[in-house]
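Here is a short tour for anyone meeting this structure for the first time. Keep the 3D view open and follow along.

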Amino acid sequence: MSTFQIDFSAAAKKRIVGIDLGTTNSLIAFMDLTGPEVIPTPEGSKLVPSVVSVSNDGSYVVGERAQRLLIDAPERTVYSVKRLMGRGIEDVRDELRLFPFRIADGSENVIRLELGGKLLTPPEISAQVLKQLKAQAEAYLSEEVSQAVITVPAYFNDAQRQATKDAGRIAGLEVLRLVNEPTAAALAYGLDKRKNGVVAVYDFGGGTFDISILRLNDGIFEVLSTNGDTHLGGDDIDNKLLRIALEDVESEWDEDVSHSGEAVQTLRRAVIIAKEKLSFVPSATIEFGWRGKLYQREISRELFEGLIKDIVERTLAPCRHAMLDASLKPEQIDEVVLVGGSTRIPLVRQAVETLFKAKPHTELNPDEVVALGAAVQAAILSGDVTDKLLLDVTPLSLGIETMGGVVSKLIHRNSTIPASATEVFTTSVDGQLNVLIHVVQGERELARDCRSLARFDLKDLQPVPAGMARVEVRFLIDANGILNVSARDMRSGKEQSVEVKPSYGLTDDQVEAMITESFERAEEDFAARQTREAQVEADTILLALDKAQASDAWHVLGDAERATIAAARKGLLTVYHTGTHLQIRDAIEKLDGVSRKLAENMMNTAVRAALKGSKID
Amino acid sequence: MHFPIVEHTCWRCGQTSEEESEAASLFCKFCNSLQRPVVDYFAFFGFDKALTIDAGELQRRYYMLSRQLHPDRYTRATETERNFSLEATSILNDGYRILRDPVQRAEYILKESGFDIGEQRSKDVPPELLEEVFDLNMALDVLRSGDTQALAELEASRDRFVGMQEEIDASLESKFRDHDAAPEPQRHEILTSIRSILNRRRYIRNLLQEVNKEFATREA
């Protein structure tokens, strides 16, 4: 058997980064000579809050600054958008009650949020977070970053994965691989160095829960099974506490504050701070100040655990299913790894320890471990790491709708990907020109109980008698967990055209349009910002000149000098509104040059005045 | 064992090599580039077509081939090779899934040998099971009508079917060995009997699934 080649050409030198696009926080990491490393923000933080705010002028604010705007401008700021990725309005109606977002009409297939006068889809909003991370990495590494590995919850379905990929494209990133978060965490832990064995990764994050069971064998990370809930995370704990706190505030103040976005977000912040404290101390206080009133409620860990017990328990059933699918008992699992901020909660750790009968690993920071793993996977793709390989699975069964709405499963859940299935379709009517195939994801027997994935239209068939057409359709789930469909006319052997109508998410054309717009806008935005900066500078100098003209220093100047200054001032005012930033800066420089003497006079006058003043006093 | 020798021409360097089969030529012997993969699970893994298989060896080859073929290794290769890698890895994974499971492996060989193994409808009760199936369905009906007395009967019936399934698996194993040891002309006959055993097994499996579902809803 021959060995494989690695291409060491110039193009191969391009760096690939790893991104953890989280519900609450996002991180970007790269593979350094010593190992994976998270790239910090200019302010020195490793976490970028996944919060996006739209400013009055239509520009975006992302991260820490946007998080502050959650309270000051809640109507134009959005958080936890990952929960809306690849979803329709029906999926999220319940939780939208607590999210202050306004959903636009026509959000059945793709949610559109009304934000600061814009209509934005979740991939466009996530793209802003990705752009920020990209810029951060480019500044840190001093090179262009255009290729990335992005992590997704293992239990993400096709539409949610596609939406994540779309976000990357809109942000100007080529997404070389989507990696499942728990698998990435396993890579980061490097458990393969220790021993071959079975590892369970329990990933309880801000918005999603995943469990993956892996077998490690000489650097191969083979996922045996995965399970989870894409709508279960720290957000649910926050929302539960928030709901109770809102009621408590109402009964104490006799005032319902839940209509004020500002109040809700302030209280939400207070609840989160108390929750986080409770992981380390036995008691914490929720402090909420609002319009001069102060609400304080002490909450013990015991009470807190009583409140979140059912949420923690909801993570256990997926764990049992995953073990069952892998045909493993808890005793057969050698190591357990904890990932995600919510695993800091002592009750969560207890539950995991009891279920798996093993003390879980917590050595790596649960917030960073996924990003570090993404960087390792990036290095595998670039060929820098050759002794490791991930073999992941598809979390959900893939099937087609048949007669009577019954699902015929083609690829079962927990099949190692890439995986494929081939099915032959025929026509039922003489001269039929197309065949429609409805593809669904899920474990239920009826199509309507599964998640509709897409409708594939086999078009332009040769008109033949019923049952004579034979079209072979190949369903292939790629290494990203995304479905690809191709078809072949078995009679002619020719490729058969397939039109895809995704049930949720954006069409390719829509994504293309967003990419174009985002690039056009990027130039537009940049130019606008430069002009604005130049105008601000012009304001400063014009204001100073106004002051000077009212002072003695102005009169000390000769007529000619005053005329030159007045002309330069007029020149600046002419370009102020209509000129480019270069023209404005040019005019500023001229005015600055001719008024230097005036400035000196001003200084002298000021010094004299100061001296005089000090004498009087 | 006689293998047909095929001539394989590399898509990239154009040189021709002699191979045991199209599926066995994963890489060009001259320029080392990945070749268009062919769906033939046994040849892909380098095994003779047989019903018995060394599970440890299968896993070893699976890991080895994964390292060589996985798309992660071809991120920076040409588009043709990237596509071949995706195709080859899906064949590898599909094949591993089928070959490691005795029943799926047997069904695959049956299909390759020209047997029709289209999903047998569970309506046709194998005659020798008629009485047992009748009793079991009675117990199910009684139970569903709310009479929990049938529970014990159903459990006993389930245990009998589980026992039957185990017997079937044992008899399959010996048939597999018979098949692999038999000369080619006698194999068809053995495959025919394997097919009928598999049909029986599938029928019992579906039955057990239904009973277990009933127990599961009861527990919940």
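## Domains

Into which domains is chain B divided? There is domain 1, covering 6-100, and domain 2, covering 127-219. Taken over C-alpha atoms, the centres of domain 1 of chain B and domain 2 of chain B are separated by 37 Å. Keep in mind as you look around that this is a predicted model.

Chain A has its own assignment: domain 1 (10-232 + 314-391), domain 2 (234-310), domain 3 (398-506) and domain 4 (510-616). Note that domain 1 of chain A is written as two stretches, 10-232 and 314-391.

## Where the chains touch

Now turn to the contact between the two chains. Chain A brings 22 residues to it, and chain B brings 19 residues. On the chain A side, the elements giving two or more residues are helix 11 (369-382), strand 19 (389-391) and strand 22 (419-425).

What kinds of residues make up the side of chain A that touches chain B? Sorted by class, that side has 13 nonpolar, seven polar and two charged residues.

## Two crossing helices

Helix 11 of chain A, which gives residues to the contact with chain B, also packs against helix 5 (residues 181-189) of chain A. Their axes are 7 Å apart and the angle is about 80 degrees. That angle makes helix 5 of chain A roughly perpendicular to helix 11 of chain A, because anything from 65 to 115 degrees counts as such.

## An open sheet

Chain A also has an open sheet of five strands, running in the order 21-20-23-24-28, with antiparallel pairing. Which strands stand at the edges? They are strand 21 (407-411) and strand 28 (498-502) of chain A. Each of these has a single partner strand, so one side of each is left without a neighbour in the sheet. From one strand to the next, the twist averages 30 degrees.

In the loop between strand 21 and strand 22 of chain A you'll find Pro418(A). The peptide bond leading from Ile417(A) to Pro418(A) is cis, with omega near 0 degrees.

Then there's Ser142(A), in the loop between helix 3 (122-141) and strand 11 (147-152) of chain A. Ser142(A) isn't a glycine, yet its phi is positive, at about 55 degrees. Is Ser142(A) buried or exposed? It is exposed, with 6 other C-beta atoms within 10 Å. Arg291(A), a residue other than glycine, has a positive phi as well, near 50 degrees. Look for Arg291(A) in the loop between strand 16 (283-290) and strand 17 (293-300) of chain A. Arg291(A) is exposed, with 10 other C-beta atoms within 10 Å.

How values were computed:
Residues numbered from 1 in each chain as written. Chains lettered and ligands numbered in written order. Predicted model: local features only at pLDDT ≥ 70, side-chain atom pairs only at ≥ 80, totals over all residues. Contact = placed C-beta atoms within 7 Å. Helix = DSSP H or I, 4+ residues; strand = E, 2+ residues; numbered from the N terminus. Nonpolar A, V, L, I, M, F, W, Y, C, P; charged D, E, K, R; others polar. Axes fitted to C-alpha atoms, helices over the stretch in contact; angles between N-to-C directions. Parallel < 35°, antiparallel > 145°, perpendicular 65-115°, else oblique. Pairing = 2+ DSSP bridges. Domains from an automatic or database assignment. Buried ≥ 20, exposed ≤ 12 C-beta atoms within 10 Å, placed from the backbone.
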